[in-house]
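Visitor: Please pick one part of this model and look at it closely with me. Start with the whole, then go in.

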Amino acid sequence: MAGLLVRRHHVLLVAWTVLWFFLVEPKGGFSWHYLRQGEQLLFSGQPDGGLSLYAHHPELQIGPVSLAAARLTAPFSPYTGQVIAEAVSSALGLVMLVLVGRTAALYYLGTGTNHRRLQQRVLIAGLAFIPMWVEVSVRFAHLDDVLALFFTALAAHALARGKPTQVAIFLALAVDSKPWAIAFAPLILALPRPSWLRTALWFCGLVAIAWLPFYLGNLDTMAAAKFTIPNQPASSLRWFGVTDPTTPWWDRPTQFALGLGLGSIAVWRGRWPAVVLLGANARVLLDPSVYTYYTASILLGTLLWDAVGQKRLVPWWSWIALASLYGGTLLLPSDPARGFVRLAFVVVSTAYVLLWPTQQTRRPRPPAEDQGQGSGRGQGHGSGRGRLGRRRERVLVGAGR
């Protein structure tokens, strides 16, 4: 019976994704040409390509991992490659829902959580998540944002499994796909303290491997960090009195610092499932632009919070985010009103996840390689055998698959 419910759960989400895909795809691929141009330049011998790519094209704020992934569509015509990328990106959204379900099941393993309710919670939150996921994956075809969020979901799952090296690898791949994903690095602090240094070194090393060659290949690559975009009237920045026509010089560093700081506070408060939401909030709060695909990162954050961070059956924050940030963009009549809604959502949701009493029970389990010196319960979990191992398998079948 549980297996049948899981299949129904997936069929519904797949059908919902397919529906949104076909609704949006005729007008999709808005930004795909940036990915296509970037991968062609990166793998070309042109003077403005290769390791000089970012020095000559600072507008391509796309990580090398994303450009390498876009290269896989090169054998196809531009339109066919675009549709393939959109379809694969949409499918990754479904994979992320499964990952979040399994992350929640692992996190609450042994706490007496009703896993059928957990599955329902992921389903209801997923119905809100998919429309915004299709926005980033199909309408804008931002493969870089898609990969950054996908790898972040993998990192959260690895964290729940107690795999510090995997956490580092996936977080590094997220940053190597899109630089703003650095805001999710505080997930490392949610690991047991003995793992911090090694995980941080893995993370920094893998980020350096991807980005350092461009800086060494052309020192003008540093200028790419100063690339600016218009400060749009609906931006939350306007409510802070920032009227600069383009990105202020302090904006990006402040954005990163705020995201890292809020995420670190969340971990310190025992609320690591809020890290992604807080990092995305910092981006939306301080970004001069107001593209709707930004909301996809918010929805991943609310999905993690609703599924892992609290035990309420109804995932209110996922639907509040969809209604306010996406619905507000479509329905509110003025730019200042839309900017105020963005500001209000960020402030209220940040205060809630950091300060509101929750039913958090514990931190993630120590990694398996650290459990040989731990308690008997830790050793049982690390081996995956015996009664606890069998129970874990049943939980994953009931809540993740």
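Guide: Begin with the contacts, meaning heavy atoms within 4.5 Å. Among contacts in the chain with a separation of 6 or more, 77% join residues 24 or more positions apart. This is a predicted model, in which local features need pLDDT of at least 70, side-chain atom pairs count only at pLDDT 80 or more, and totals for chains, interfaces and linings use all residues. Residues are numbered from 1 along each chain as its sequence is written, and side-chain values use heavy atoms, with hydrogens and water left out.

How many helices and strands are there in the chain? The chain has 16 helices and zero strands. Both kinds of element are DSSP runs, numbered from the N terminus: helices are H or I with at least four residues, strands are E with at least two.

Next, burial. A residue is buried under 20% relative accessible area, exposed over 50%, and partly exposed in between, using a 1.4 Å probe and protein chains only. Of the 401 residues of the chain, 54% count as buried. The chain exposes about 17,300 Å², and 67% of that area comes from carbon and sulfur atoms. Such areas come from the Shrake-Rupley method with a 1.4 Å probe, and for residues only the protein chains shown count as cover.

Now a word on confidence. pLDDT is the predictor's confidence in each residue, from 0 to 100. Its mean over the chain is 88, and 88% of the residues reach 70 or more. Two stretches call for care. Residues 1-6 stay under 50, and the model gives them six contacts beyond four places in sequence. Residues 361-401 are also below 50, with 81 contacts beyond near neighbours in sequence. Where pLDDT is low, the predicted coordinates should not be read in detail.

Here is the close look: one pair of helices. Two packed helices are described by the angle between their axes and the distance between the axes. Axes are lines fitted to C-alpha atoms, for helices over the stretch in contact, and angles run from 0 to 180 degrees between N-to-C directions. The pair is helix H6 (residues 115-139) and helix H12 (residues 295-309), whose axes come within 9 Å and cross at roughly 175°. That makes H6 roughly antiparallel to H12. The cut-offs are these: under 35 degrees is roughly parallel, over 145 roughly antiparallel, 65 to 115 roughly perpendicular, and the rest oblique.

Which residues make the contact? From H6 come Leu118, Arg121, Val122, Ala125, Gly126, Ala128, Phe129, Met132 and Val136. From H12 come Thr295, Ala296, Leu299, Leu300, Leu303, Asp306 and Ala307. By class, the contact of H6 with H12 has twelve nonpolar, two polar and two charged residues. Ala, Val, Leu, Ile, Met, Phe, Trp, Tyr, Cys and Pro count as nonpolar; Asp, Glu, Lys and Arg as charged; the others, Gly among them, as polar.

Follow the chain past H6. Ala141 sits in the loop between H6 and helix H7 (143-161). Is Ala141 buried or exposed? Ala141 counts as buried because its relative accessibility is 3%. Its phi is near 50°, a positive value in a residue other than glycine. Most residues other than glycine have a negative phi, and most peptide bonds are trans.

Step into H7 and find Leu154. Leu154 is buried, at 16% relative accessible area. Leaving aside neighbours within four places in sequence, Leu154 is in contact with Leu99 and Phe170. Its C-alpha atom and that of Ile169, 15 residues apart along the chain, are separated by 9.6 Å.

One last stop. Thr17 lies in helix H1 (residues 2-24). Thr17 counts as buried, since its relative accessibility is 5%. Beyond neighbours within four places in sequence, Thr17 is in contact with Ser90, Leu94, Ile130 and Val134.
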